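Subject: Structure for you to look at

Hello,

Below is the structure I said I would pass on. Please look it over first; my notes come after it.

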Amino acid sequence: MALLFLLGCAFFPLCFAGLCWGLQNQTNLQMERQEAVLVASKLVSSVQAIMASTAGYIVSTSCKHIIDDQHWLSSAYTQFAVPYFIYDIYAMFLCHWHKHQVKGHGGEDGTSRALGGTWAVVRGYLHKEFLMVLHHAAMVLVCFPLSVVWRQGKGDFFLGCMLMAEVSTPFVCLGKILIQYKQQHTLLHKVNGALMLLSFLCCRVLLFPYLYWTYGRHAGLPLLSVPLAIPAHVNLGAALLLAPQLYWFFLICRGACRLFRPRGSPPPSPCQTQD
């Protein structure tokens with residue numbers, strides 16, 4: 001367990017640092033620092049999402065019995081991936097920091113002076129990304145211990161399905177990169193927005209009714225009877241996980257409506273509403 005955790009602690013920051021260096025120094029790109037930080041952070045997030053989705057698919061399709069069947073990849077990938085959420089809090093802060101400087105608030109020495117300095121930037125970051133930071137912290141402090149200790153080897157199928165929620169992340173990340181380069185008007189951006197909306201709906205919102213339905217089919221219960229048949233803390237946990245997904249999906253839908261409205265004013269992107 002410790003080895004996989006340490007491997008994750010090294011893998012994600014090193015990928016980020018290597019991508020930042022390559023994007024700034026590669027002859028055909030030579031990005032500015034702030035551009036490289038944003039693009040590198042989104043590429044690392046996409047890599048993690050692809051690995052998580054792949055692991056989730058392998059686990060969920062390998063478990064024929066949704067309660068008792070086990071797959072080594074469920075615990076192994078969880079241990080490897082938990083450092084990603086710690087890293088990503090820092091990576092999101094770096095993106096916020098550089099964006100703050102680009103807006104003209106950074107000094108020549110690279111330190112921020114707006115609203116009283118560094119702590120003002122930190123407060124601004126936490127205010128803007130509070131829900132995402134809270135989500136990441138909950139993944140590390142709550143979901144990881146529960147998935148490793150409390151489950152006691154049960155329910156690998158459900159954990160695999162939860163990992164597949166990351167399917168929508170690469171579309172979100174691509175949208176962020178397109179916005180960085182002011183490509184909101186392109187067909188690629190609109191197609192990506194539609195795919196993000198669809199994947200988020202299926203893999204993050206409808207995931208929870210699907211898990212309840214699957215358990216109901218296993219236990220011989222109708223869908224509406226499942227919440228009454230399982231422990232209250234399971235329903236509470238599912239509700240707490242679902243709540244931010246519904247909020248983000250609402251923001252994505254609102255952004256998508258503006259993106260696909262008739263031409264007139266420049267439409268904001270759905271990717272501006274969810275990271």
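A residue is called buried at under 20% relative accessible area, exposed at over 50%, and partly exposed in between, using a 1.4 Å probe and protein chains only. The model is predicted, so local features need pLDDT of at least 70 and side-chain atom pairs count only at pLDDT 80 or more, while totals for chains, interfaces and linings use all residues. Residues are numbered from 1 along each chain as its sequence is written, and side-chain values use heavy atoms, with hydrogens and water left out.

Aromatic rings

F12 is buried, because its relative accessible area is 0%. F11 has 28% and is therefore partly exposed. Rings of Phe, Tyr and Trp (for Trp, the six-membered ring) pair if their centres lie within 6.5 Å; planes under 30 degrees apart are stacked, over 60 edge-to-face, and the rest tilted. The whole structure holds 13 such aromatic pairs. One of them joins F11 and F12, edge-to-face, with 5.1 Å centre to centre and 80° between the planes. Ring pairs also link F11 and F12 into a cluster with F16, Y77, F80, Y84, F85 and Y87.

S41

Helices here are DSSP runs (H or I, at least four residues), numbered from the N terminus. S41 lies in helix α2 and is buried, because its relative accessible area is 2%. Leaving out residues up to four places away in sequence, S41 touches F16, Y87, A91 and C95, where contact means heavy atoms within 4.5 Å.

The largest pocket

A pocket is an open set of points on a 1 Å grid over the protein atoms alone, where a 1.4 Å probe fits, with protein on both sides within 12 Å along at least five of seven lines; lining residues have an atom within 4 Å of a point. The largest pocket has 46 lining residues, and C143, M162, G237, A238 and L241 lie nearest its centre. Elements giving two or more residues to this lining are α2 (33-62), α3 (72-105), α5 (130-150), α6 (156-163), α9 (207-219) and α11. The most come from α5, which gives eleven.

C253

C253 sits in helix α11, residues 232-259. Its relative accessibility is 26%, so C253 counts as partly exposed. Between C253 and A194 there are 59 residues in sequence, and 9.8 Å in space, C-alpha to C-alpha.

Regards
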